[in-house]
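I opened my notebook today to look over a new structure, one step at a time. Here is what I looked up.

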Amino acid sequence: LGCGRHECAIVCHAGPCPPCELNLPTRTCHCGKQLVNQSCSVPTPSCGDTCDRLLPCGQHRCLERCHAGACPPCLAVEKRKCECGSRSKTITCGESWRCDRRCNNERNCARHRCRRRCCTGDCPPCSEVCGRRLACGNHQCERTCHSGPCDDCPRVSVMQCSCGATTQRVPCGIERVVPPPKCREVCKR
């Protein structure tokens, strides 16, 4: 650049480079409140006034003296409600918090309660095991909680004749209503 101290920061371009931004006839202090008349060889001075820039929280202003770089995080303390709105607590600005109150709303299955801490009412779908007794009468449904009837029992029972020589695999629960398989072996008793 024309100042001889800094380089052009613009991507490859036609024509002359712009003047050094730090060597302008007037530039501002870090907080932007005062104009400064100095060459780019002199670091931008602080005006000594309160910075007063809006902090990232968007609600409070920086209370530090005029400074270079980003403002520190907001340290204002305020009384805030938890996410579900049932309790209040004094916390640092920008923080959110969850109380220990458990949600008692029914989930979409209408069988189980939400039980999440500090729930805002947007309860997730039920993730508990269904647990209803299957039609076989021997086992419980192991699927995630669902609406409608449960599937048939996936297990298989092995039925055998009186002597045990002949076996037959049948769906679980059927062994109570179907007679044992017919044996073709000669009785060995």
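I started with a cysteine: C153 is buried, with a relative accessible area of 13%. I kept in mind that this is a predicted model.

Next I asked which cysteine sulfur is closest to that of C153. I found the one in C136, 3.9 Å away, which is too far for a bond. The cut-off for a disulfide is a pair of cysteine sulfur atoms within 2.5 Å.

C51 is in no disulfide either, and its nearest cysteine sulfur, that of C71, sits 3.8 Å away. I checked the cover of C51 too: with 2% relative accessibility, C51 counts as buried. A reminder to myself: a disulfide is a covalent bond between the sulfur atoms of two cysteines.

After that I turned to the whole chain.

I looked up the secondary structure and found six strands and zero helices in the protein chain. Along the sequence I read β-β-β-β-β-β.

For the overall dimensions, I noted that the C-alpha trace spans about 115 × 50 × 30 Å along its principal axes. The radius of gyration is 38 Å, whereas a compact globule of 189 residues would have one near 16 Å. Of the contacts between residues at least 6 apart in sequence, 10% join residues at least 24 apart.

Conventions. Residues numbered from 1 in each chain as written. Predicted model: local features only at pLDDT ≥ 70, side-chain atom pairs only at ≥ 80, totals over all residues. Heavy atoms only, no water. Helix = DSSP H or I, 4+ residues; strand = E, 2+ residues; numbered from the N terminus. Rg over C-alpha atoms; globule rule 2.2 N^0.38 Å. Contact = heavy atoms within 4.5 Å. Buried < 20%, exposed > 50% of the residue type's maximum accessible area, 1.4 Å probe, protein only.
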